[in-house]
Amino acid sequence: MPIATMTDSPIWQPFTQMKTAAPPLKVVRAQGARLELSDGRQIIDAISSWWVTLHGHSHPVLAKALYEQAQTLEHVIFAGFTHEPAEQLAQLLCAHTPAGLQRVFFSDNGSTAVEVALKMAYQYWQRRDQPQRSRFIGFAGGYHGDTLGAMTVGQSSPWWQPFQPLLPPLTILPYPATYAGDPEVETKEAQAIAQLEDTLKADPDAYAALFIEPLVQGAGGMRMCRPQFLQALSAIAKAYGVLVVYDEVMTGFGRTGALFACEKAGTQPDLLCLSKGLSGGCLPIAVTLATEDIYQAFYADDPARAFFHSHSYTGNPLACAVSVASFQLLLAKPEAYQGLEARHWQCYQQYLADVSNLKQFRTCGTIAAMELATAASYFSDLVPQLRRRFIELGVLLRPLGNTLYILPPYCISDEELAAVYRAIRQVAIEVAAGYFTAASA
């Protein structure tokens, strides 16, 4: 069957201007780090299909877990019921996240995990008879999802403007993004910390919670901060009683080189949001972990004090079973994600160190990013041209404006990773030579 064009397909694609976009590429199968297109081409999935496919595509362990669970229980209402896969997953999460996080609330995607945290943080203060604590703090460049609640704490992302009238105010602090050899990192961190402290001093009882993507901002440009900053940030927030919420939807499950970014940063959030890699890319699932103190604020004889939030697929048994299998793979083979940072640096030195229009190369565990010296913005005509050129070179990459990043599945081979870096080298050289004609938007 021929692939549909943008004009005759009924599919409305996400983050896509349907009138001007090229027809979508049809994927017929995938294995490991590679996608196979309907025309027979093999594409290296260098971004883990939007950061979810930890172990690679069509992993037999995950497929087996899904098949076996489907023979037993595929779904059940999760209000008043539970099941073994959910119990196993909750126990695993509590055992391998900071010790204070002992309560697990299930949902079905990253945006809703953040939405749950937002509602919990807001109601926590209501339950403690401090309703004046109703404001939130976020960071410039932060992105926490596309539901209204998630957008509330990520209002500096380039996609929120059409919805601004629907969103409550957010206090936005500077994010001290850094890279190896950055001479201004301590100044950036000091300015952000000082602004946080000034904000809280000015109105110490106004703020319910602070939301941050720890160590790496994802959609904001793979911008990275140091553990020292998160430690100082957490100490000040807790001194003023402000809940600290970590959005680890992207950074969880080995992405930063540790199981969780909070572990690598040596900090303990009050609420932790997880999704994406939780199921190894197989099925939608998310969780929000909370401290016992937050849980107890809702624990009462009065039914009206319960936490009112749910989804039809909350705690889905299939998703939970696959997530348990995925987590066990991580625990059995930590070297799969722990060794990727060194491999990134080796490839950078071999293929990119002499490319003059690539700047600020940076890594955090399995994630590598760099700036391409162009004036491209998120909405520049250049960005889709770059995406198409990478596909021509056999690599799936999606530049974030002028930020190129690599976030591969942990199974990627040395040759596949080298092929990704060679493609980046080729494209950077072509950009410098003026092969692309798009102007900055």
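A salt bridge here is a side-chain nitrogen of Lys or Arg within 4 Å of a carboxyl oxygen of Asp or Glu. I keep that cut-off at hand for the entries below. The model I am reading is predicted.

**Entry: Arg103 and Glu292**

I looked up Arg103 with that cut-off in mind. Arg103 forms a salt bridge with Glu292, and their closest N and O atoms are 2.8 Å apart. I then placed both ends. Arg103 sits in strand β4 (residues 101-107) and Glu292 in helix α9 (residues 292-298), so the pair ties together parts that are 189 residues apart in sequence. Next came accessibility. Arg103 is partly exposed, at 31% relative accessibility. Glu292 is partly exposed as well, with a relative accessible area of 29%.

**Entry: other salt bridges**

How many salt bridges does the structure hold? I find 15 salt bridges in it. I noted one between the side chains of Asp39 and Arg41, at 2.8 Å from N to O.

Lys188 is partly exposed at 25% relative accessibility. Asp182 is buried, with a relative accessible area of 8%. Elsewhere, salt bridges that share partners join Arg389, Glu392 and Glu430 into one network.

**Entry: Asp247**

I turned to a charged residue without a salt bridge. Asp247 lies in strand β10 (residues 243-247). Asp247 is buried yet has no salt bridge. Which side chain of opposite charge is nearest to Asp247, and how far away is it? It is Lys276, at 8.9 Å.

I then asked what the Asp247 side chain does meet. One of its polar atoms lies 3.0 Å from the backbone nitrogen of Val249. I also listed the contacts of Asp247, leaving aside neighbours within four places in sequence. They are Val114, Tyr143, His144, Ile212, Glu213, Pro214 and Cys273.

Gln17 is in the segment before β1 (27-31). Is Gln17 buried or exposed? Gln17 is exposed, with a relative accessible area of 52%. A polar atom of the Gln17 side chain lies 3.1 Å from the backbone nitrogen of Lys19.

Gln69 is in helix α2. Gln69 is buried, with a relative accessible area of 12%. Its contacts, leaving aside neighbours within four places in sequence, are Pro85, Pro317, Leu318 and Ala321.

**Entry: Ala70**

Ala70 also has its place in helix α2. I read it as partly exposed, at 40% relative accessibility. I checked one distance from here. Ala70 and Leu118 are 33 Å apart in space, C-alpha to C-alpha, and 48 residues apart in sequence.

**Entry: positive phi**

Most residues other than glycine have a negative phi. Ser48 has a positive phi, near 50°, and is not a glycine. Ser48 lies in helix α1 (residues 48-51). Ser48 is buried, with a relative accessible area of 0%.

Ser58 has a positive phi of about 55°, although it is not a glycine. Where is Ser58 found? I place it in the loop between α1 and α2 (60-70). Ser58 is partly exposed, at 47% relative accessibility.

**Entry: a nonpolar patch**

Last, I looked at the surface. Leu148, Phe163 and Leu166 make a nonpolar surface patch of about 290 Å². I followed up Leu166. Leu166 lies in the loop between α5 (148-152) and β6 (171-173). Why does Leu166 count as exposed? Its relative accessibility is 58%, and exposed means over 50%.

Notes:
Residues are numbered from 1 along each chain as its sequence is written. This is a predicted model: local features need pLDDT of at least 70, side-chain atom pairs count only at pLDDT 80 or more; totals for chains, interfaces and linings use all residues. Side-chain values use heavy atoms; hydrogens and water are left out. Helices (H or I, at least four residues) and strands (E, at least two) are DSSP runs, numbered from the N terminus. Buried means under 20% relative accessible area, exposed over 50%, partly exposed in between (1.4 Å probe, protein chains only). Lys and Arg count as positive and Asp and Glu as negative; His and the chain ends are not counted. A polar contact is a pair of N or O atoms within 3.5 Å; within protein, one must be able to donate a hydrogen and the other to accept it, and residues adjacent in sequence count only if both atoms are side-chain atoms. Contact means heavy atoms within 4.5 Å. Patches are made of residues with over 30% relative accessible area and no salt bridge: like charges are joined within 9 Å, nonpolar side chains (Val, Leu, Ile, Met, Phe, Trp, Tyr) within 5 Å. Accessible areas come from the Shrake-Rupley method with a 1.4 Å probe; for residues, only the protein chains shown count as cover.
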